Every structure is written in C-alpha cells, then in structure tokens.
Amino acid sequence: TTIQTTGTLIPNQLRDHLSSLTGAGLLNMYGSSEVGFVAIGNPGDSETGYVGEILDDIDVEVLDPEGNLADSGVTGELRMRRSDQPQELYGNSLSAHTVFKNGWYYPGDLGFISGTQLFVVGRTTELLNAGGIKVLATELENVMANYAGITDAAALVTNSPDDSMQIAALVVCEDDAKIDNLNVHMSTRFG
C-alpha cells in the first residue's frame with residue numbers, strides 16, 4: 001500500500017503518523033499545475049526536504065540571492081521549465097513577469113539540488129527576517145517539532161516590547177519543563 005502526495009512535501013511528523021496508522025509507504029510527487037510533476041521520490045528514504053529524483057523532461061535550477069546559479073548543495077530559489085509549459089497564468093497577464101520570467105517558472109520554493117535529487121526546504125515567503133537574522137520558519141519548526149516532548153511548533157516574526165522585530169515560537173508540549181530544555185537546544189543549534 002502506498003500513499004501518494006502531490007504538490008509539495010508533507011511535514012515529517014504527518015508522514016510518520018500516516019505511516020504508523022496505515023503501514024503504508026509514502027510516494028511524494030513534487031510539482032505544480034503550471035509545469036506538472038518535477039520530481040518523484042520516497043521522502044522517508046533521505047533527509048528532511050527530499051522530494052525526489054528530478055524527472056528527465058524538466059530543467060530545474062537553483063538561484064542565489066543575486067539571481068546567479070547556485071552551486072550544487074547550496075540553498076536558493078528554485079526555477080524550472082518544461083518545453084510545453086504555459087508562459088503566464090490564465091487571466092493574469094502580470095504573471096508573465098512575476099512567476100514566469102524568460103521561459104522559466106518560479107514556484108516560490110527554496111531548495112537545493114544534489115546530483116539528480118531535489119530538496120525543498122521552504123518557501124520564499126517563509127523566510128523570517130528579524131534584525132538582519134534570516135532563517136526559514138520551516139527549519140526552526142522541524143527542529144522544534146522533532147524535539148522530545150514537543151508535539152507541534154510554529155515560528156514567526158513579532159514585535160518585541162522595544163518595537164524591534166524578533167523571531168518567536170509557539171509550541172505544544174507534553175510538559176512545561178520541556179520548554180527550558182527546548183530553549184537551550186534551540187540556542188545551541190541556532191545561536
């Protein structure tokens with residue numbers, strides 16, 4: 001039995017929960033309506049963010065913050081193209097200059113490529129920025145949610161009492177004593 005997911009990858013906790021409930025394996029089919037399937041794989045086979053092997057009929061590239069091609073294994077904004085993809089969204093001519101640029105489709109995902117394997121680590125809109133510190137919400141959330149005693153977590157940017165922006169976290173935990181341990185763990189991991 002296999003559970004197939006499409007679009008983007010599901011959180012590790014949900015993947016593990018579905019597998020424990022059903023005994024089914026999981027097959028992730030990463031892609032979008034605009035370009036179709038991009039990569040297919042079993043996300044349980046590799047590290048966090050693995051969405052699959054890039055299909056042969058699509059070009060996928062990773063761009064650094066300046067818009068240049070990033071090196072293998074370096075995280076950046078994904079872009080992709082296929083010979084039969086649209087060049088704008090129906091009824092939205094502005095999309096030809098925002099999500100479609102020079103024949104490429106920009107899905108808004110952040111990731112990296114290693115060999116022929118594609119990893120998606122978040123969305124461009126999930127990049128938290130507080131006082132010059134930039135971190136992916138999903139990266140913080142995955143570390144917190146995988147910490148012993150934490151059952152759910154969310155990261156966000158909020159105003160501090162002095163009106164500066166700071167990164168904050170909301171967690172659901174089994175025992176309040178776990179919070180102090182989590183704070184130490186997160187400080188050690190992220191500084």
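Predicted model: local features only at pLDDT ≥ 70, side-chain atom pairs only at ≥ 80, totals over all residues.
Two strands pair if DSSP finds at least two bridges between them, and the strands themselves are DSSP runs of E with at least two residues, while helices are runs of H or I with at least four residues, both numbered from the N terminus.

Residues are numbered from 1 along each chain as its sequence is written, and side-chain values use heavy atoms, with hydrogens and water left out.

**Strand pairing**

Strand S2 (residues 25-32) and strand S3 (residues 36-41) run antiparallel, and a hairpin of 3 residues links S2 to S3. S3 also pairs with strand S4 (residues 50-54). Further along, S6 pairs with S5 and with strand S9 (residues 109-114). The table gathers these pairings.

| Strands | Sense | Bridges | Partner residues |
|---|---|---|---|
| S3 and S4 | antiparallel | 2 bridges | alanine 39 and isoleucine 54 |
| S5 and S6 | antiparallel | 5 bridges | leucine 63 and glutamate 77 |
| S6 and S9 | antiparallel | 2 bridges | glycine 76 and glycine 111 |

**Salt bridges**

Side chains of opposite charge can pair when their charged atoms come close. Counting a side-chain nitrogen of Lys or Arg within 4 Å of a carboxyl oxygen of Asp or Glu, the model has 3 salt bridges. One of them joins arginine 82 to aspartate 57, at 2.8 Å from N to O. Arginine 82 sits in the loop between strand S6 (76-81) and helix H2 (95-98), and aspartate 57 in the loop between S4 and strand S5 (59-63), so this pair ties together parts 25 residues apart in sequence.

**Helix packing**

Now to a pair of helices. Helix H3 (residues 137-145) packs against helix H4 (residues 177-190) at an angle of about 135 degrees, and their axes are 11 Å apart. Axes here are lines fitted to C-alpha atoms over the stretch in contact, with angles from 0 to 180 degrees between N-to-C directions. That makes H3 oblique to H4, a label for angles left over once those under 35 degrees (roughly parallel), over 145 (roughly antiparallel) and 65 to 115 (roughly perpendicular) are set aside. From H3, the contact (heavy atoms within 4.5 Å) uses Glu139, Leu140, Val143 and Met144, and from H4 it uses Leu182, His185, Met186, Arg189 and Phe190.
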